Amino acid sequence: MSKSKKRAAAGDTVGEGVFQHRALGEPLPSFRYHPDPLATGALVAEEIDCVVCDLRRPYRYAQTMYAFDEVEPLCPWCIADGSAAERHDGCFTDSAAPGLRAKPEGFAEVVYRTPGYAGWQQEDWLAHCGECCAYLGPVGWKEIEPLQKQLADDLARIAAETRTEVDPIYRHFHRDGNPTGYLFRCLRCDGYRLHWDGT
Ligand SMILES: [Zn+2]
Ligand SMILES: [Zn+2]
C-alpha cells in the first residue's frame, strides 16, 4: 500500500465515504400523506450535505420549507422524523390551509413531517372521511378526464366557484401549466379529491 493510500485510510476522506455509502443505502422514508414525493417533484435525487442532520444524503427536498431561517439543503429523513420542523420552528404546509381547518386526523403529520408542494398561489391540503388525504401530484384535464365520476363533487364545486359551468375551467388545467389541478386521494374510502389554482 502506498503512503498516500495509508494516509487516506486513516483520514477523513474514507470516513466520509463510509458515511456516504450508508446514507445512500438507506431506503427513502415513507410518507403516508405524500406517498411518491419523487414523482411529484417534492424530492429530487441529488447528493447533499443536509443542514439539519449534517449527513451526506442522496435526496434533496425541492419545495419550500416555511421557516424564518433558510433550511437548505434539507433531506427527507429530517422531514420525516420532525427534526427540521422542530429545530427551525417551521412547517411544510400552512397549518391555516382551508382543508386543514377542521384539524383532520394526520394534521400534525402533514404540516410538520410531510413534504409539501408548490402551487401558483395558495396551496391547500384536502381531507376526506375525517383524515388528511394523500397528495398524488399536479394534474391536468388529461389526467382528470378518466376520474370525472369520482371527482364529480369537486368538479361541480370548481365550476360553480369560478362561474365556468359552460366551459369549465378544469378542462383547461395542465399538470405543467397554469391553471393546475392538485390531486388527492382519501386513505379511508379511496375517493379522489381535487384542489386547483392558477395566476
Ligand atoms: Zn437531514
Ligand atoms: Zn373518504
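Biologist: Which term describes Glu 105 here: buried, partly exposed or exposed?

Modeller: This is a predicted model, and every value that follows is computed from it. The relative accessibility of Glu 105 is 48%, and the term exposed is kept for values over 50%. Since buried would require a value under 20%, Glu 105 counts as partly exposed.

Biologist: With which residue does the side chain of Glu 105 meet in a salt bridge, and how far apart in sequence are the two?

Modeller: The side chain of Glu 105 meets that of Arg 188 in a salt bridge, with N to O at 2.5 Å. Glu 105 sits in the loop between α5 (83–88) and α6, whereas Arg 188 sits in the loop between β6 and β7, so the pair ties together parts of the chain. The partner is therefore Arg 188, and the separation in sequence is 83 residues.

Biologist: Which strand holds Glu 131, whose side chain also meets Arg 188 in a salt bridge?

Modeller: The salt bridge between Arg 188 and Glu 131 has an N to O distance of 2.9 Å. Glu 131 is buried, with a relative accessible area of 2%, while Arg 188 is partly exposed at 44%. This pair links distant parts of the chain, 57 residues apart, with Arg 188 in the loop between β6 and β7 and Glu 131 in strand β4.

Biologist: Why are Glu 161 and Arg 157 separated by about one helical turn, and in which helix do they lie?

Modeller: Glu 161 forms a salt bridge with Arg 157, the closest N and O atoms being 3.4 Å apart. Glu 161 is exposed at 51% relative accessibility, and Arg 157 is partly exposed at 29%. The separation is about one helical turn because the two residues are four apart in helix α8.

Biologist: How far from Asp 124 is the nearest side chain of opposite charge, and which residue carries it?

Modeller: Asp 124, in the loop between α6 (107–113) and β3 (127–128), is buried yet has no salt bridge. Its side chain does reach the backbone nitrogen of Gly 99 at 2.7 Å, and its contacts beyond four places in sequence include Tyr 117, Phe 184 and His 195. A salt bridge needs the nitrogen and oxygen atoms within 4 Å, whereas the nearest side chain of opposite charge is 7.1 Å away, on Arg 157.

Biologist: Which spacing do the donor residues of the zinc ion (ligand 1) follow in sequence?

Modeller: Here the zinc ion (ligand 1) is coordinated by the SG atoms of Cys 50, Cys 53, Cys 75 and Cys 78, at 2.3 to 2.4 Å. With angles of 103 to 116 degrees among its four donor atoms, this site is tetrahedral. Cys 50 is buried at 1% relative accessibility, and Cys 75 is buried at 0%. Along the chain, the donor residues are spaced C-x2-C-x21-C-x2-C.

Note on methods: Residues numbered from 1 in each chain as written. Chains lettered and ligands numbered in written order. Predicted model: local features only at pLDDT ≥ 70, side-chain atom pairs only at ≥ 80, totals over all residues. Heavy atoms only, no water. Buried < 20%, exposed > 50% of the residue type's maximum accessible area, 1.4 Å probe, protein only. Lys, Arg positive; Asp, Glu negative; His and termini not counted. Polar contact = N/O pair within 3.5 Å; in protein donor to acceptor, adjacent residues only side chain to side chain. Contact = heavy atoms within 4.5 Å. Donors = N, O, S within 2.8 Å, 3.2 Å for Na, K, Ca; no water. Tetrahedral: all angles 85-135°; square planar, octahedral: opposite > 155°, others 65-115°.
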